[in-house]
Amino acid sequence: MPAKTNIKIHCHVGEKTIVVSCGSGKQRLRWLGNVALSRWDEESFQGWRTLGIPEKILKDDTEMDLGSSIRDILEDGMEITVLPSMTIPKYDRTGLKQSEQIEASEPSRVG
């Protein structure tokens, strides 16, 4: 019986790196991008609500076909970059989005 293969890909989404276990890699790159975007949200795994869908996947700054099979073009331990359809929010050290930080620090105005 042959040894089971478990391909793990390091997916960069903004400033985060998400390691995705792909099993034998039969899935398409679009699946890998969707998983990475979902896991970007570490609390509820619903990053797609904030980031949308994978628009592009890059390997070494080269755009890859989202319909390609993972095992046909990637190897265990490789790194890719997933570019979502929506803008990735930036967070400061407190964990607040920069826009939330501004709103939280502005004094309330009573007119």
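**View 1. K8 and its contacts.** Leaving aside neighbours within four places in sequence, K8 is in contact with V19, V20, S21, E75, D76, G77 and M78 (contact means heavy atoms within 4.5 Å). This is a predicted model: local features need pLDDT of at least 70, side-chain atom pairs count only at pLDDT 80 or more, and totals for chains, interfaces and linings use all residues. Residues are numbered from 1 along each chain as its sequence is written, and side-chain values use heavy atoms, with hydrogens and water left out. K8 is partly exposed, with a relative accessible area of 40% (buried is under 20%, exposed over 50%, partly exposed in between, with a 1.4 Å probe and protein chains only).

**View 2. Strand 1 beside strand 2.** K8 lies in strand 1 (strands are DSSP runs of E, at least two residues, and helices are runs of H or I, at least four, numbered from the N terminus). Strands 1 and 2 run antiparallel, joined by 6 bridges (strands pair if DSSP finds at least two bridges between them). The partner of K8 in strand 2 is S21. In the hairpin of these strands, 2 residues sit between them, and G14 takes a positive phi near 60 degrees.

View 3. The open sheet has 5 strands in the order 2-1-5-3-4, with mixed pairing. Strand 2 (16–21) and strand 4 (62–63) stand at the edges; each has a single partner strand, so one side of each lacks a neighbour in the sheet. Strand 4 pairs with strand 3 (residues 54–59) in the antiparallel sense, over 2 bridges. Here K59 has T62 of strand 4 as its bridge partner.
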